[in-house]
Amino acid sequence: MACLLETPIRMSVLSEVTASSRHYVDRLFDPDPQKVLQGVIDMKNAVIGNNKQKANLIVLGAVPRLLYLLQQETSSTELKTECAVVLGSLAMGTENNVKSLLDCHIIPALLQGLLSPDLKFIEACLRCLRTIFTSPVTPEELLYTDATVIPHLMALLSRSRYTQEYICQIFSHCCKGPDHQTILFNHGAVQNIAHLLTSVSYKVRMQALKCFSVLAFENPQVSMTLVNVLVDGELLPQIFVKMLQRDKPIEMQLTSAKCLTYMCRAGAIRTDDNSIVLKTLPCLVRMCSKERLLEERVEGAETLAYLIEPDVELQRIASITDHLIAMLADYFKYPSSVSAITDIKRLDHDLKHAHELRQAAFKLYASLGANDEDIRKKIIETENMMDRIVTGLSESSVKVRLAAVRCLHSLSRSVQQLRTSFQDHAVWKPLMKVLQNAPDEILVVASSMLCNLLLEFSPSKEPILESGAVELLCGLTQSENPALRVNGIWALMNMAFQAEQKIKADILRSLSTEQLFRLLSDSDLNVLMKTLGLLRNLLSTRPHIDKIMSTHGKQIMQAVTFILEGEHNIEVKEQTLCILANIADGTTAKELIMTNDDILQKIKYYMGHSHVKLQLAAMFCISNLIWNEEEGSQERQDKLRDMGIVDILHKLSQSPDSNLCDKAKTALQQYLA
């Protein structure tokens, strides 16, 4: 049969199958409908809480027969209902059970059952569907395959409190991403579910609340709608605020705090609104206290991290609420040897999930320290904090490593900390190790942090250079991932800033001119801008300019021409002209411009451009070329005069832009001197 397990498994399980299990399945084939019904009822009683019995019955082929009876028109409603109950019970076993049920196409059969007029049967089908859809092995897409299903489920919401509870639970589990949100929203989810928030049943209220949290997540359209929804004369945000009061169950407090957080992040509620500052934020901080269960502390910290992430004022408020920064330090000491957990099962669960606490703490510290120097200082001064982050960088869990890198990245925005704590703990060492071999999501944050560690005032810059960073970063510039290309080139740009000639030569050698050209024609604007920034930093200080242009002059001039002739925005063209101005500042390098009539014409063109930024950048080139005190200035001045540059300078000296006017007058003085 289609949904039997693979042979080897079947043999091992069959060896344990008792005669009674066979007897249950055999009774499903009895010609007497009454005996079949009794057989299904007995089977229901036999499988409750008995996973071995469930597996036996699945292996013996009970599922196809139960589904056949469930869909058979001649079956009584009572039999159909009992079949749905048994299938639901089988689904509550292991994930393998659910996979077997899915292989037998249980979902279409149950959805078909929802068309029945009988409420008890509908509820049994929904209960089974709820169990299957909440299993991690079930693809959510199966709910959306048939376009008639969602509207039918919406219509069934009014039938009973059970249909309300199960349907809301199905929606909240199967709503993953904007496409699903849009489908549910367009079928009236908001209007149909809103009134359930005042249901007499706690379970219904809770599932409705969960629905709103998944619908609102990163969805401005839904969030803006929710703000204005009235339920019994009260606005939805006010209902959410009532639900996060201290006297409500923790699950309800947390979920309503999530709803308000998501609406706030989607722009539907202001960050300075009382519902956020005085209600949501304090509620989430409460969830972080050691009195709460592990999963509540994790969810509380992660939701709070998301709420305050973009807003410095909320970060400041959170940092001084209930000693939050110190409270989070307890996340790393859990469960401690003196832990108050007396329930062995609970302790076992928490030991397996303790890494989630560390991950949540790192996330929240990263958000808290995103902008404010004083908060960063407080975090770093929390007991053993830097050691904990460094340890986090080498944890086995990818999620913890990612959160630790994010936390470090957030703290690395501080000049003060880069010079002190980051140096004291040699943070660059584990970071370089992380960069050797990590998934892209970690590489993006770690390489972004490396950019900060390579700033000229960072004491870590030298040891990083010595540990092979140039090759590593040049490798990143070849990544398929644009964020990694940007970070690779950005870090190289920081590395080249005011660097010695040797470092600059290393960068050019490792990068290669072919790769430089590829980066200059990159489709990502950030990559292009940072590559131009790198070139500008490489071509600074005269001896370096002359040395680099003597070895790579031809290729660099080609690159400059290539950019100036391309379809690029003002900022790109300005950067490129600034590179030319740097070349014009070289002693021997400026000849590469003077002997290139094409480039000279381009500089002349940009002097007369409509955009002041480009005129100024072109002016810098001219000033560097005609400066009197330098050898050969007379010949250069004559050549540029013949090109009509002096006439343009006279015109620009009348410019309404004072900066441009001054630069033109200064340049003209070189001719008069």
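Colleague: Hi! Let's start with R130: is this residue buried or exposed?
Modeller: The labels follow relative accessible area with a 1.4 Å probe and protein chains only: buried is under 20%, exposed is over 50%, and partly exposed lies in between. R130 comes out at 13% relative accessibility, so R130 counts as buried.

Colleague: Before we go on, what kind of model is this?
Modeller: Residues are numbered from 1 along each chain as its sequence is written, and side-chain values use heavy atoms, with hydrogens and water left out. Local features need pLDDT of at least 70, side-chain atom pairs count only at pLDDT 80 or more, totals for chains, interfaces and linings use all residues, and the model is predicted.

Colleague: Which residues does R130 touch, leaving aside those up to four places away in sequence?
Modeller: R130 is part of helix α9, where helices are DSSP runs of H or I with at least four residues, numbered from the N terminus, and strands are E runs of at least two. Contact here means heavy atoms within 4.5 Å. By that test R130 touches M92, E165, Y166, Q169 and I170.

Colleague: How many of the 14 residues of α11 are buried?
Modeller: Helix α11 covers residues 161-174, and E165, Y166, Q169 and I170 are among its buried residues. Its buried residues pack against α9, α10, α12, α13 and α14. Helix α11 is largely enclosed by the rest of the structure, because the buried count is 11.

Colleague: Where is the kink in α36 centred?
Modeller: The expected span of a helix is 1.5 Å times one less than its number of residues. For the 24 residues of α36 (542-565), a straight helix would reach 34 Å, but the end C-alpha atoms are only 27 Å apart. The bend at a residue is the angle between axes fitted to the seven residues ending there and the seven starting there. That angle gives a kink of about 85°, centred on H552.

Colleague: How many salt bridges does a search of the whole structure find?
Modeller: A salt bridge is a side-chain nitrogen of Lys or Arg within 4 Å of a carboxyl oxygen of Asp or Glu. Searching the whole structure gives a total of 35.

Colleague: How many residues apart in sequence are the parts that K363 and E302 tie together?
Modeller: These two side chains form a salt bridge at 3.2 Å, N to O. K363 sits in helix α22 and E302 in helix α19, so the pair ties together parts whose separation in sequence is 61 residues.

Colleague: And what is the relative accessible area of D522, which pairs with R485?
Modeller: D522 and R485 meet in a salt bridge at 2.7 Å, N to O. D522 lies in the loop between α34 and α35, while R485 is in helix α32, 37 residues apart. R485 counts as buried at 12% relative accessibility. D522 is buried too, with a relative accessible area of 15%.
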